[in-house]
Amino acid sequence: MARFTGFDEVYSALYVDFDNIYTRFLEADPDAARTFGIAPYRWVRWIENHALRILYGEGVRRRILKRMCYLNPQRYQEFRNPFIRSAFQVVDCPPLTSRGKTSTDIHLVMDCMDDLSHTTHFDEFIILSGDADFTPLLIRLQEHARRTLVLSVGYSSPAYTAAASWRIREDWFLQQSLKDDRGEEFESEPAPQPAPAAKPGQEDDDPAPGNRW
């Protein structure tokens, strides 16, 4: 990606499938789940620094210029204002069926496709969702030479993670962005060494297979 040579900023757009992420975090760690909902500025700051040196080299910063959150207002109304105060555009996605199916998926996909032709050329599309239905979207974004970061929670489809440029590990996100108070120290995340391979449980986040830079 020589186009980044000499540049010091990466323009990013962030899309949050709130129901998907919050439900998973609620199962894993209720306290962290609540922090995710009431203090989005904390984990947004962490994402802005996450894996920058590994992906782009030294001297680069990530600017999240667009922030979108899709949530069910009937269940998660209390989290709406914290996201608005953190500069998110909140899209209400109430249930459309008796089984509670919402329109989050289609709203998120349409917004991503519209943003491909946005006057601001977004270099990255960051999607916080473990929903494998977004796999075709990731592939389409890749075809347009955009990098994609995903936070895949719970069980992640191999196809979904393979279609992303970079996978944010759930355990790192929970611990570092929602529990730790280390501020800018997140930027000092070590780059992976070429050899030997890291031992299980000690490896850094890796770009998805076939998508290394």
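Mentor: Gladly. This is a predicted model, and a salt bridge here pairs a side-chain nitrogen of Lys or Arg with a carboxyl oxygen of Asp or Glu within 4 Å. Glu27 and Arg24 form one, at 4.0 Å from N to O. Both residues lie in helix H1, 3 residues apart, about one turn of the helix.

Trainee: Is Glu27 buried or exposed?

Mentor: Glu27 is exposed, because its relative accessible area is 61%, over the 50% cut-off. Arg24, at 28%, counts as partly exposed.

Trainee: Which residues form a salt bridge between distant parts of the chain?

Mentor: Glu124 sits in strand E4 and Arg62 in strand E2, 62 residues apart. Glu124 is buried, at 0% relative accessibility, and Arg62 is buried too, at 4%. Another pair is Glu78 with Arg34, at 3.1 Å; Glu78 is in the loop between helices H5 and H6, while Arg34 is in helix H2, 44 residues apart. Arg34 is partly exposed, with a relative accessible area of 39%.

Trainee: How many salt bridges does the whole structure hold?

Mentor: The search finds 14.

Trainee: Now the helices: at what angle do the axes of H2 and H3 cross?

Mentor: They cross at roughly 90° and come within 5 Å. Angles of 65 to 115 degrees count as roughly perpendicular, so H2 and H3 are roughly perpendicular to each other. Thr35, Phe36, Gly37 and Ile38 in H2 meet Pro40, Arg42 and Trp43 in H3. These residues divide into 4 nonpolar, 2 polar and 1 charged.

Technical notes: Residues numbered from 1 in each chain as written. Predicted model: local features only at pLDDT ≥ 70, side-chain atom pairs only at ≥ 80, totals over all residues. Heavy atoms only, no water. Axes fitted to C-alpha atoms, helices over the stretch in contact; angles between N-to-C directions. Helix = DSSP H or I, 4+ residues; strand = E, 2+ residues; numbered from the N terminus. Parallel < 35°, antiparallel > 145°, perpendicular 65-115°, else oblique. Contact = heavy atoms within 4.5 Å. Nonpolar A, V, L, I, M, F, W, Y, C, P; charged D, E, K, R; others polar. Buried < 20%, exposed > 50% of the residue type's maximum accessible area, 1.4 Å probe, protein only.
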